[in-house]
Amino acid sequence: MLLPKGTVFAVVDGEKFELHRNNGTETDPKLEKMSVPELDETNKSAGMRHHANTGNPSDDQLDEDAHVTAIAEWLNNQVLTHKIDKLVIIADPRSLGEMRRYYHKELEKVLICDLDRTLTGSSGDEIVTALRNK
């Protein structure tokens, strides 16, 4: 898989959010950590709507849903304001499933791939290897 220079990598789980940018080449990517924005994770209503038929969701689950929803909304905004034009999203399976519900059409156009794997805390080389072994 070729990963163009400038591609942004969002690495997510239910509690963490990491950003990396490829400052190498397409064939020899070098991921460098980026700063992560402060996100508004107070909107727990999205999680409530999603879990309405499953009984009372735990506060932890609502917090995780609010976290990944806030990330998806931030990524959508970055794409819509042309701050991200190539994107890879890597998240644990549950978080990725929740995030996909909020992908904007424009985000889908710049999305190179999304991968359902827990890679928060991984090095840039580990992330690239996981993508190539997809």
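**Briefing on the chain**

Lys109 counts as exposed because its relative accessibility is 63%; exposed means over 50% relative accessible area, buried under 20%, and partly exposed in between (1.4 Å probe, protein chains only). This is a predicted model, in which local features need pLDDT of at least 70 and side-chain atom pairs count only at pLDDT 80 or more, while totals for chains, interfaces and linings use all residues. Residues are numbered from 1 along each chain as its sequence is written, and side-chain values use heavy atoms, with hydrogens and water left out.

**Overall fold**

- The chain contains 5 helices and 5 strands; these are DSSP runs numbered from the N terminus, with helices (H or I) of at least four residues and strands (E) of at least two.
- Along the sequence, their order is β-β-β-α-α-β-α-α-β-α.
- The chain has 134 residues, of which 49% count as buried.

**Salt bridges**

- Side chains of opposite charge can pair when their charged atoms come close.
- A salt bridge is counted when a side-chain nitrogen of Lys or Arg is within 4 Å of a carboxyl oxygen of Asp or Glu, and the count here is 6.
- Lys109 pairs with Glu106, with the closest N and O atoms 3.1 Å apart.
- Both Lys109 and Glu106 belong to helix α4 (residues 105–110), where they are 3 residues apart, about one turn of the helix.
- Glu106 is partly exposed, at a relative accessible area of 32%.
- Asp114 and Arg100 form another salt bridge, with 3.0 Å between the closest N and O atoms.
- Because Asp114 lies in strand β5 (residues 111–116) and Arg100 in helix α3, this pair ties together parts that are 14 residues apart in sequence.
- Asp114 is buried at 14% relative accessible area, whereas Arg100 is partly exposed at 42%.

**Helix α3**

- In helix α3 (residues 93–100), the buried residues are Ser95, Leu96, Glu98 and Met99.
- Seen down the axis of α3, these buried residues fall within an arc of 165°, so they line one face of the helix; the arc is that of the directions from the helix axis to the C-beta atoms.

**A loop residue with positive phi**

- Most residues other than glycine have a negative phi.
- His82, however, has a positive phi, near 60°.
- His82 is located in the loop between α2 (59–80) and β4 (87–91), and it counts as exposed at 71% relative accessibility.
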